[in-house]
Amino acid sequence: MTDLTCAALHDMAAELALGMLSGHERAEALAHLATCPDCRERVRELAAVGDGLLGLVPGVEPPVGFEDRVMDRLGFTPRPAQPTQPIEQRPPAPAGPPTRSTGSTGPENRRPRPRRRTWVPIAVAAAVAAVVFGMGGWALGTASQPVTGAASQAAGGGRADDDQLASADLMSGDHQQVGEVFSYEGNPAWVYMVVELNGKTQEVYCQLEQRGGTVVPIGSFTLTKGYGHWGASSPIDPNTVVGARIVGADGTVLATANF
Amino acid sequence: MGIPVDRLPDETLLAGLATGDAEIAVAFVRRFQRPVFGVAVAVLGDTRLAEDVAQQTFERAWRHAQVYDSRRGSVRTWLSTIAHNLAIDVARARRPTPVDPGDLDALLGVVLDTPERHTMARESAAELRAELAQLPREQARAVVMAGIYGMTAKQIAEFEQIPLGTAKTRIRMAMGKLRVALWHLQRPAGSTPPAARKRADHD
């Protein structure tokens, strides 16, 4: 039973429908609604207004790679095996990717800070194999041997399978290798990169260069103490991509790669 | 063969989530990621927090697809509500002031935008938008602060520097007008409108 009258309920109905009431007020109101179908209907109509308000909020495109991160979260792609041994000793085709398109700073994606000269080829190959396996798992529907082969080639450095995967060194302005970029030319097309720059923690932006000089931004990620790995689906025809650039927040080109 | 997954009705796609079919899941996320992320980022004003909320929203939808009831609203509405509730929880945990004044004005500008710009919008959304635009500005602000930003009447009163009772009145009046407008849109001609029912039934 409740002492709340219909008139009193009407006064608070809008706030009830919008979830604004305190616990005590809400309990009183709900007790009244349990015995009053008319007030229940009123609150239902007001709640529909609340739902309608949310429908007026404009849709916004989420960050690049969102769809894939959700898929990972739902378990549709293999989760990364937590490294229990140094990355240099792990086989080049791991059980799964860190995530195919997550920035490098998520705890479950962060790798031990590497020693560049010894780890880059193995780590990149592992990551690329993981990326490609990941796509084969749900987006492409298959994980074919040629793809594995491409990853293995990447492990040895140099150019991977021409039909599927192109790789290029990321070079800094002073001609030092600071990472590697992979462009997967399947459907969907992907770009993946590993970067170790100047030790700074900063947001950087990845741009792809197309034949003819067009530059297309595809996303941003964070370098933690200069290191990061990141991947994203490519919005442009991979056959037209001739290079990639890593750009700082102030527009400075930090590194370039030419496929 | 069958209908391509990306052309399946919303409800079918949602039901398909429970099957664990990756292709359906991708299509589902792809179809609803913009409205879900839009709600999250509108409430939170922070892309990273909004992404986490949007991810949680899809995870909840996936886990609880079987509780969705189409009689209570569209799939989009259901997802938006999940995203909204999660975002409000995050906002309340993180910020003493739930909304930046600039963000409020920007969002008001969008939700009060003229219907001509939204020809693709559903009729009820266009009607609601038009009705919202007809409200006195202070009532529209109050209802957006309450209904989208999840602010309490006390927070609205402090934000607008008005008495608590005035904030409650603005919310109540605005919601009442919008309710009547939506009712006229959704009910057949000849039905008793809410205002008349209010007097006729149990007041």
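In helix 2 of chain B, residues B:F32, B:P35, B:V36, B:V39, B:A40, B:V43 and B:L44 meet B:R76, B:L79, B:S80, B:A83, B:H84, B:A87, B:I88, B:V90 and B:A91 of helix 4 of chain B; contact requires C-beta atoms, placed from the backbone, within 7 Å, and helices are DSSP runs (H or I, at least four residues) numbered from the N terminus. By class, this contact has 13 nonpolar, two polar and one charged residues; Ala, Val, Leu, Ile, Met, Phe, Trp, Tyr, Cys and Pro count as nonpolar, Asp, Glu, Lys and Arg as charged, and the others, Gly among them, as polar. The model is predicted: local features need pLDDT of at least 70 and side-chain atom pairs count only at pLDDT 80 or more, while totals for chains, interfaces and linings use all residues. Residues are numbered from 1 along each chain as its sequence is written, with chains lettered from A and ligands numbered from 1 in the order in which they are written.

**Helix packing in chain B**
- The axes of helix 2 and helix 4 (residues 75-94) of chain B come within 9 Å and cross at roughly 25 degrees, axes being lines fitted to C-alpha atoms over the stretch in contact, with angles from 0 to 180 degrees between N-to-C directions.
- Helix 2 of chain B and helix 4 of chain B are therefore roughly parallel to each other (angles under 35 degrees).

**Nonpolar cores**
- The largest nonpolar core has 79 residues, and B:A40 and B:A83 have the most contacts inside it; such a core is a set of buried Ala, Val, Leu, Ile, Met, Phe, Trp, Tyr and Cys residues joined through C-beta atoms within 7 Å.
- Helix 2 (residues 22-44) of chain B supplies the largest share of this core, 14 residues.
- Apart from this core lies another of 24 residues, among them A:L170, A:L208, A:L223 and A:A244.
- Not counting residues up to four places away in sequence, B:A83 touches B:V36, B:V39, B:A40, B:V53, B:A54 and B:T57.

**Chain B overall**
- Chain B contains 10 helices and zero strands.
- Of the 203 residues in chain B, 38% are buried (20 or more other C-beta atoms within 10 Å of the residue's own).

**Interface between chains A and B**
- The contact takes 35 residues from chain A and 48 residues from chain B.
- On the side of chain A that touches chain B, helix 1 (6-17), helix 3 (37-55) and helix 4 (66-73) of chain A each give two or more residues.
- Helix 3 of chain A provides the largest share of that side, 11 residues.
- The residues of this side of chain A divide into 22 nonpolar, four polar and nine charged.

Methods
Buried ≥ 20, exposed ≤ 12 C-beta atoms within 10 Å, placed from the backbone. Contact = placed C-beta atoms within 7 Å. Parallel < 35°, antiparallel > 145°, perpendicular 65-115°, else oblique.
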